[in-house]
Amino acid sequence: MAIDYAQSTTERASANLKTRSLPMDDTPGLRAALKQGEPHTLLMTYVHLSSDEAMLNRFAPHFKSPYAYPPEALPADLLGELREKLHHLLITPGAARDGSPSDALMRRMMAVGLAEDVEPEFLPLLFDQIGFRHETPRRDNPRRRPANPDFKVLVIGAGMTGMAAGIKLEEAGYEWVIIEKNAEVGGTWWENRYPGVGVDTPSHFYSFSFALNPEWHNYHPQGNDMFAYLKRVADDHDLRRRICFNTMVEKLVWDKEDAVWHVTVRKADGNEEIIRANAVINGHGPVNRLKWPNIPGLDSFQGIRQHTATWDSSTDLKGKRVGIIGTGASAAQFIPAVADDVGELHVFQRSRHWVMPTPAGEDVVSDGVKFAMRHIPHYLEWYRFRIYWYAADGLYPNVLLDPEWPKDSPSVSAVNEAMRQFAIGHIERSFPDRPDLREKLTPDFPVFSKRIILDRGNYFPTYMKPHVHLEQEGIARITPKGIVLKDGREIELDVLVCATGFDVANMMGKLEIVGVDGKRLRDEWGMEDPRAYFGMLIPGFPNYFHTVGPNSAPNHAAGQNLISECQVHYAIECLDWLNARDKKALQPTVAAFDAWQDKVQTKMVNMIWSHPRAFSYYNNSQKRNFLSWPWRLVDFWNECRGPRHADFELL
């Protein structure tokens with residue numbers, strides 16, 4: 001009998017996966033998959049299907065961290081044997097074992113594949129987020145009280161978080177609507193269209209756990225691929241039928257008597273409408289309010305001036321003298337994408353950034369690997385696991401301050417220093433004969449104290465091109481013709497590009513939020529000091545969930561997709577609790593809110609972002625870190641299993 005490894009209907013539809021069953025046909029595609037497949041993932045797949053622990057033991061001495069230098073070298077004969085064993089298992093009737101390995105074996109497999117231990121506390125998160133075990137849709141849970149059909153949830157934004165909210169609210173049986181200011185889903189990935197736009201997070205992790213995707217063209221997705229993925233998820237879940245596009249949420253006002261939010265929205269034609277909603281999940285995100293640099297004369301420039309966040313794709317850069325302000329994540333993608341087209345490229349570096357080479361090496365996903373992800377049972381999930389670990393909580397030790405480590409060091413621990421040396425090695429290997437560039441590009445602050453830049457093999461080499469100039473001298477002012485540096489040089493430009501990021505600290509944007517007894521959230525937060533209980537809730541603003549809020553960002557690693565799913569899960573857990581108790585609204589108590597702020601700030605003292613040289617958009621002007629989650633992602637996942645009842649007031 002064929003063993004059916006088909007995934008759940010939801011996941012299969014969203015990911016466009018074909019049913020994966022054994023035995024497989026012995027095709028050239030399968031042989032290419034085994035030849036090109038990632039070795040650790042092939043081993044995990046084989047052991048998952050065979051429970052052959054002997055192969056784990058034979059590979060274990062050869063596995064290293066992907067950040068190890070020199071990198072691991074696996075014996076060719078052992079790899080060949082693994083491929084033959086897996087090939088036989090996949091094509092031979094009855095060769096694969098039915099059922100899943102025990103939790104103990106799964107944990108051992110993880111530890112061997114990673115060359116480090118995996119504590120049992122990670123298993124529930126991994127089974128959920130990697131795609132091995134999906135939760136039952138809430139509406140199918142016989143022990144749960146069905147959602148009140150008159151309870152309406154309004155979601156702001158149809159980006160990653162808003163889409164997850166719509167999907168999970170539908171599964172829970174709630175009435176819901178999404179208000180989206182743009183003409184399509186995707187949020188950041190609809191708005192950002194500059195040349196080279198992409199994602200630093202690895203593709204096979206930066207996706208919904210319930211919609212794994214085997215079709216990525218790159219190991220780090222290009223903007224178009226990310227947008228296409230989100231559109232496909234929207235199609236698969238029929239989200240657009242409940243999305244009001246080209247509509248802006250302008251104001252929320254709490255009606256204490258009826259326990260509802262009056263939500264003022266403005267449509268494309270300028271007309272206003274007020275929607276009554278029992279709860280609001282704000283998923284508008286912090287990275288859609290662009291920030292122009294505060295440089296004298298910016299408005300006087302007479303050439304073409306653009307911000308990467310609002311890129312006009314009709315702009316022709318061919319042969320032009322182009323200047324770009326900034327060397328952060330957007331700039332690092334833009335610079336190599338346009339360098340070969342422009343006449344001259346001047347990069348104005350305001351601050352240095354640590355740059356890491358992609359661990360995947362070649363960024364293009366081969367046809368053989370795509371075949372493995374589409375057809376070989378468990379390969380896609382095990383690959384996602386490996387990426388999760390090394391792009392997420394596997395990096396957490398880097399952001400912990402060692403109290404015994406020298407205070408004036410450009411690192412915060414032995415682990416962090418090793419990562420710094422790894423990054424320095426990338427600089428030295430990239431510019432062996434250019435000490436001037438090595439000096440300009442080597443930061444003096446700890447790795448991970450600000451956002452890491454990913455080099456896919458084309459960023460650092462761009463600075464070696466003769467027409468590309470890295471300007472380290474500060475900018476004095478902008479003139480109609482170009483930029484004047486502090487040393488007096490004027491650089492004439494045809495196009496000025498500002499890759500200067502977003503106003504992340506202003507988490508409300510232009511939205512006006514009025515809570516209980518006229519309490520205004522702007523008065524609480526100001527323009528740069530947002531605070532919330534568990535990064536989502538604020539006393540005096542019942543049933544308002546501010547996702548991707550204060551101190552909820554996974555700044556030690558990748559993982560915004562996980563944060564989005566967890567916060568949506570938490571919000572619905574809160575709504576289910578209300579429903580079970582026949583209550584209308586909830587809010588955190590002031591005591592719980594204050595205790596949470598104390599807990600975050602106490603923890604933050606021992607984190608890398610408190611280092612005296614740590615300056616980034618994670619901190620406000622008072623150097624308070626308002627953005628970062630100072631614990632692991634597994635801790636966030638655990639906290640999101642449900643509300644702590646003692647911390648809330650039910651209304």
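**A parallel sheet and a buried asparagine**

In this predicted model, valine 322 stands opposite leucine 345, which belongs to β12. The two strands concerned are β11, residues 321-325, and β12, residues 344-348; they pair in the parallel sense, over five bridges.

This pair is part of an open sheet of five strands, whose order is β10-β19-β11-β12-β15, with parallel pairing. Which strands stand at the edges of the sheet? They are β10 (304-307) and β15 (468-471); each has a single partner strand, so one side of each is left without a neighbour in the sheet. From one strand to the next, the twist averages 15°.

A helix also packs on this sheet: α11, residues 329-338, touches β11, β12 and β19 (495-498). The direction of α11 makes about 160° with that of β11.

I turn now to the residue. Asparagine 278 is placed in the loop between β8 (272-277) and β9 (279-282). Is asparagine 278 buried or exposed? Its relative accessibility is 16%, and because buried means under 20%, asparagine 278 counts as buried.

What lies 2.7 Å from a polar atom of the asparagine 278 side chain? It is the backbone nitrogen of lysine 152. Leaving aside neighbours within four places in sequence, asparagine 278 is in contact with Asp150, Phe151 and Lys152, with Trp254, with Ala259, Val260 and Trp261, and with Asn543.

Definitions and conventions: Residues numbered from 1 in each chain as written. Predicted model: local features only at pLDDT ≥ 70, side-chain atom pairs only at ≥ 80, totals over all residues. Heavy atoms only, no water. Helix = DSSP H or I, 4+ residues; strand = E, 2+ residues; numbered from the N terminus. Buried < 20%, exposed > 50% of the residue type's maximum accessible area, 1.4 Å probe, protein only. Polar contact = N/O pair within 3.5 Å; in protein donor to acceptor, adjacent residues only side chain to side chain. Contact = heavy atoms within 4.5 Å. Pairing = 2+ DSSP bridges. Axes fitted to C-alpha atoms, helices over the stretch in contact; angles between N-to-C directions.
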